[in-house]
Structure formats: structure tokens, C-alpha cells
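Hi,

Here is the structure I promised to pass on. Have a look at it first, and then read on for what turned up when I went through it.

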Amino acid sequence: VVEVEYKIEMPKTTFAPGTYTFDVKNDGKIPHDLKIAGPGGKKTPLISPGGGEALTVTLKSGTYDFYCTVPGHKQLGMDQKVTVT
């Protein structure tokens, strides 16, 4: 998962249920984080520019919202819907 100013890039947005480790990299110029909202969701700490964090989560069937919790970032486009089926 790559984060840059106001965009979250993922290689795919549909997954089978299971446990995944997302390697989150901040390629932007300001700090970002990644929250996975949904069943069993989790959040990274704030990631400095050029930094990264691994986030392991067990995804169950449903819809998830992957977004940055820094105020205003989600509204500016750092929001990605993910489907688990």
C-alpha cells in the first residue's frame, strides 16, 4: 500500500477472507497513517515521509474502508473501499 498526498494506491481492492500483512509506505512529503475500518480493522501509527509500517489484519467477508485519519486527508481523497468475498 503506497500513500502519497491525498491518494492511497493498492495493487487490488478485492480479497478473499484471510489474514494479510499490508506493507504501508509513505511516499508523500507529510505524515500519513492507514486505518482499516471494518470487522477486525486496525490502524498504523503515524508514518513519517519515506517511512513504512507493516499492518497485519484478518479480513472477514464484508466491505472495508482503508483511509488516512490525519484530519482532512480522507476528505481530500485518501480513502479506498475494499471488498472481501
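One definition before the details: a residue is called buried when its relative accessible area is under 20%, exposed when that value is over 50%, and partly exposed in between. Please also keep in mind that this is a predicted model.

**His-73**

With that cut-off in hand, take His-73, which sits in the loop between E7 and E8. Its relative accessible area is 6%, so His-73 is buried. What does His-73 touch, leaving aside neighbours within four places in sequence? The contacts are Tyr-6, Ile-30, Pro-31, His-32, Cys-68 and Met-78.

Buried or exposed, or something in between? Tyr-6 has a relative accessible area of 33%, so it counts as partly exposed. Together with Ile-30 and Leu-76, Tyr-6 makes up a nonpolar patch on the surface, and the three share about 250 Å² of accessible area.

Most residues other than glycine have a negative phi. For Tyr-6, phi is positive, near 70 degrees.

**How the strands pair**

E1 pairs with E4 in the parallel sense, over two bridges. Within that pairing, Val-2 stands opposite Lys-25 of E4. E4 also pairs with E6 (residues 52-59), and here the strands run antiparallel and are joined by eight bridges. If you want a place to start on that pairing, Gly-18 has Leu-59 in E6 as its bridge partner.

**The nonpolar core**

In soluble globular proteins, nonpolar side chains tend to be buried together. In this model the largest nonpolar core has 19 residues. Which of them have the most contacts inside the core? They are Val-1, Met-10, Phe-22, Ile-36, Leu-59, Tyr-64 and Phe-66. Strands E4, E6, E7 and E8 each supply at least two residues of this core, and the largest share, three residues, comes from E6.

Leu-59, the bridge partner of Gly-18, is among the core residues with the most contacts. Not counting residues up to four places away in sequence, Leu-59 touches Pro-17, Gly-18, Tyr-20, Phe-22, Ile-36, Tyr-64 and Val-84.

Leu-55 also lies in strand E6. Its relative accessible area is 5%, so Leu-55 is buried. Leu-55 and Thr-21 are 34 residues apart along the chain, yet their C-alpha atoms are separated by 5.4 Å. Beyond its neighbours within four places in sequence, Leu-55 is in contact with Tyr-20, Thr-21, Phe-22, Leu-34, Ile-36, Lys-42, Lys-43 and Thr-44.

**Salt bridges**

Side chains of opposite charge can pair when their charged atoms come close. How many salt bridges does the structure hold? There are six.

One of them links Lys-7 and Glu-9, with the closest N and O atoms 3.4 Å apart. Lys-7 is partly exposed, because its relative accessibility is 42%, and Glu-9 is partly exposed as well, at 35%.

Asp-65 is the residue I would click on next. Its relative accessible area is 12%, so Asp-65 is buried. Its side chain meets that of Lys-74 in a salt bridge, at 3.0 Å from N to O. Lys-74 has a relative accessibility of 29% and so counts as partly exposed.

Asp-65 forms a salt bridge with Lys-81 too, and there the closest N and O atoms are 3.2 Å apart. That pair links distant parts of the chain: Lys-81 belongs to strand E8 (residues 79-84) and Asp-65 to strand E7 (residues 62-67), 16 residues apart. Lys-81 is partly exposed, with a relative accessibility of 48%. Through shared partners, salt bridges join Asp-65, Lys-74, Asp-79 and Lys-81 into one network.

Cheers

Note on methods:
Residues are numbered from 1 along each chain as its sequence is written. This is a predicted model: local features need pLDDT of at least 70, side-chain atom pairs count only at pLDDT 80 or more; totals for chains, interfaces and linings use all residues. Side-chain values use heavy atoms; hydrogens and water are left out. Patches are made of residues with over 30% relative accessible area and no salt bridge: like charges are joined within 9 Å, nonpolar side chains (Val, Leu, Ile, Met, Phe, Trp, Tyr) within 5 Å. Accessible areas come from the Shrake-Rupley method with a 1.4 Å probe; for residues, only the protein chains shown count as cover. A salt bridge is a side-chain nitrogen of Lys or Arg within 4 Å of a carboxyl oxygen of Asp or Glu. Buried means under 20% relative accessible area, exposed over 50%, partly exposed in between (1.4 Å probe, protein chains only). Two strands pair if DSSP finds at least two bridges between them. Helices (H or I, at least four residues) and strands (E, at least two) are DSSP runs, numbered from the N terminus. A nonpolar core is a set of buried Ala, Val, Leu, Ile, Met, Phe, Trp, Tyr and Cys residues joined through side-chain atoms within 4.5 Å. Contact means heavy atoms within 4.5 Å.
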